[in-house]
Amino acid sequence: MYKTLTLFMIISFLVGCKNDPSTTKKEPIQTVENIEANKTFGIVIHGGAGTILKENLSDSLETAYKTKLKEAITIGHEILKNGGTAMEAVTKTINILEDSPLFNAGKGAVFTFEETNELDASIMDGATLNAGAVAGVTRIKNPIDLAEAVMTQSEHVLLSGKGAEIFASEKGFDMMDPSYFYTEKRFQSMKNQKEKLLQKEKNNSSATTFATDPYSQDSKFGTVGCVALDKNGNLAAGTSTGGMTNKRWNRIGDAPIIGAGTYANNATCAVSSTGWGEFFIRGMVAHDISAMMEYKGVSLQDAASEVIQNKLPTLGGSGGIVAIDHNGNIAMEFNTPGMYRAHMNAEGELIIGIYKEL
Ligand code: ASP
């Protein structure tokens, strides 16, 4: 009898508590869905910086660039929205740009002095500080995929030339015929620069590979890059390029150099560069932006503008970067007349720009 009474009292107390508003939990229940919804993510891409002026770009070409930038960034954004990794978003987004003849990466790569195409790419995972890169490959359709394979399937960071291609074929990559990379526009651009250079050499003036400042002369650059922050707070950055028109002697630029063309660190930011690579290497541009955030505690935007608007031009370099930090803040900074660029935030808001003003 006593036991039954106690049980009755406990049940009454519990039922009472359930209906008493003062004991009802007020915070929304943390379902998997709303935990996910609280996590920010974002993606930023570039398609190269240079003398990109409205008067030099037809309306149809401008539309073509914007359409391709939108297509590429949407692919990456979809991956991030569905909980995919920043690394995956970066590679898949860059693949779209590499496959387009509009950009100087993969199909559409610029030509060397030797009239070939030599491609460079790199990728970095901000979660592990692991990285992979390839330089001077001539038969790889999507060099960013090979850079990722170097990172995940070898104990190295940077492979080059023939060796990189042997590695690629061992890992099952398709070998393209080099003619795949031919585009008339890039070929003519190289021919023009080469002619100027040979003329200069003939006149015995001190010739360099690049007849003049390539960044003020050639509006058709178009290296591609992507940085992303995923829902797990991981950052990644990747860059892919054909390098600079008329490059010679197996010249390698900044794109496959970790710290110069590409850098990612979950503690700070992810950066992809585009511009006159020699200066980006000397300035260690991508890492410098991250280091300023880490050592000085400055914001991503302040670090990016100090490096691109001040330090880089002091060296004599031109170009730009796209970057994203671990909170989803972004920077799209350049000191050239234009940079093909786009950003999409977690809400799916899209910004696309080509010239200084959006
Ligand atoms: N940074 C590349 C290089 O120097 C070129 C570019 O971004 O346009 O190879």
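With which residue does Lys 81 form a salt bridge, and how far apart are the closest N and O atoms?

Mentor: This is a predicted model, in which local features need pLDDT of at least 70 and side-chain atom pairs count only at pLDDT 80 or more, while totals for chains, interfaces and linings use all residues. Residues are numbered from 1 along each chain as its sequence is written, and side-chain values use heavy atoms, with hydrogens and water left out.

The partner of Lys 81 is Glu 78, and the closest N and O atoms of the two are 3.6 Å apart. A salt bridge here is a side-chain nitrogen of Lys or Arg within 4 Å of a carboxyl oxygen of Asp or Glu. Both residues belong to helix H3 (residues 59-81), and because they are three residues apart there, about one helical turn separates them. Helices (H or I, at least four residues) and strands (E, at least two) are DSSP runs, numbered from the N terminus. Lys 81 has a relative accessible area of 39% and is partly exposed; Glu 78, at 36%, also counts as partly exposed.

The structure holds ten salt bridges. Side chains of opposite charge can pair when their charged atoms come close. In another pair, the side chains of Glu 115 and Lys 191 meet at 2.8 Å, N to O. Glu 115 lies in the loop between H4 and strand S2 (119-125) and Lys 191 in helix H7 (residues 184-202), so this pair ties together parts that are 76 residues apart in sequence. Glu 115 is partly exposed at 29%, and Lys 191 is partly exposed at 32%.

A further salt bridge joins Lys 311 to Asp 288, with the closest N and O atoms 2.8 Å apart. Lys 311 sits in helix H11 (residues 300-315) and Asp 288 in helix H10 (residues 285-296), so parts 23 residues apart in sequence are tied together. Lys 311 is partly exposed, with a relative accessible area of 37%, whereas Asp 288 is buried at 16%. There is also a network of salt bridges linking Lys 54, Glu 62 and Lys 66.

We may now turn to the interior. In soluble globular proteins, nonpolar side chains tend to be buried together. A nonpolar core is a set of buried Ala, Val, Leu, Ile, Met, Phe, Trp, Tyr and Cys residues joined through side-chain atoms within 4.5 Å. The largest has 49 residues, of which Ile 43 and Ile 45 touch the most other members. Helix H4 (residues 86-98) makes the greatest contribution to this core, with seven residues. A second, separate core of 37 residues includes Ala 131, Trp 276, Phe 279 and Phe 334.

There is one cavity of 30 Å³ or more, and about 90 Å³ of space lies in the largest cavity. A cavity is a set of points, on a 1 Å grid over the protein atoms alone, where a 1.4 Å probe fits but cannot get out; lining residues have an atom within 4 Å of a point. Grid points are joined across faces, edges and corners, and the volume is the space filled by probe spheres set on the points. Fifteen residues line the largest cavity, and Thr 223, Thr 241, Gly 243, Asp 254 and Gly 275 are the closest to its centre. Strands S6 (235-241) and S8 (269-275) are the elements that give two or more residues to the lining; S8 gives the most, with three. By class, the lining has four nonpolar, nine polar and two charged residues. Ala, Val, Leu, Ile, Met, Phe, Trp, Tyr, Cys and Pro count as nonpolar, Asp, Glu, Lys and Arg as charged, and the others, Gly among them, as polar.

An unreviewed UniProt entry carries the annotation "active site" at Thr 223; UniProt positions are given in the numbering used here, feature names are shortened, and annotations may be inferred rather than shown by experiment. Thr 223 is placed in the loop between helix H8 (214-217) and strand S5 (224-229), and is buried, with a relative accessible area of 8%.

Definitions and conventions
On a 1 Å grid over the protein atoms alone, a cavity is a set of points where a 1.4 Å probe fits but cannot get out, and a pocket is an open set with protein on both sides within 12 Å along at least five of seven lines; lining residues have an atom within 4 Å of a point. Buried means under 20% relative accessible area, exposed over 50%, partly exposed in between (1.4 Å probe, protein chains only).
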